[in-house]
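Thanks, everyone, for making the time. I would like to walk you through one model this morning, and I will keep to what can be computed from its coordinates.

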Amino acid sequence: MYLDSAPGALVARRLEGKMQFAFGWTMATTKRHLSEIGGWEAMANYHSDDFELGKRIARRSYRVELMRKPVWMVFPQETIGSIFDTSCAGRSD
């Protein structure tokens, strides 16, 4: 969750009485719940797929929670060269 989004999420939860949406890149769900809402394919045409995913899960009466502590993700230092395998550059198989 982005810390700048927290106030809006807390207000929404207070007004609605519960979380009825999700957001950010630290969401988690089960394979079963994801399958029930149509999988990632069902989110393909949504700009805010995270919001839509949470909304669809909440609509099925599953609980959506806002974590009390932020989740920190640390990524190793990467360069463009380390992300792409350049050993096949120029090949035309």
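I will begin with the overall fold and then turn to the salt bridges.

Please keep in mind throughout that this is a predicted model. The chain has four helices and zero strands, so that, reading along the sequence, we have the pattern α-α-α-α. Of its 93 residues, 24% count as buried, and the chain exposes about 7,800 Å², with carbon and sulfur atoms supplying 55% of that area. If we take the contacts with a separation of 6 or more, 52% of them come from residues 24 or more positions apart.

Now to the charged side chains, where the count comes to five salt bridges. Let me start in helix 3, which covers residues 49–59. Here K55 forms a salt bridge with E52, and the closest N and O atoms are 3.2 Å apart; the two residues are three positions apart in that helix, which means a separation of about one helical turn. E52 also meets R56 in a salt bridge, at 2.8 Å from N to O, and this pair, four residues apart in helix 3, again spans about one turn.

Finally, R32, E36 and R60 are linked in a network of salt bridges.

Technical notes: Residues numbered from 1 in each chain as written. Predicted model: local features only at pLDDT ≥ 70, side-chain atom pairs only at ≥ 80, totals over all residues. Heavy atoms only, no water. Buried < 20%, exposed > 50% of the residue type's maximum accessible area, 1.4 Å probe, protein only. Contact = heavy atoms within 4.5 Å. Areas by Shrake-Rupley, 256 points an atom, 1.4 Å probe, with all protein chains shown as cover. Salt bridge = Lys/Arg side-chain N within 4 Å of Asp/Glu carboxyl O.
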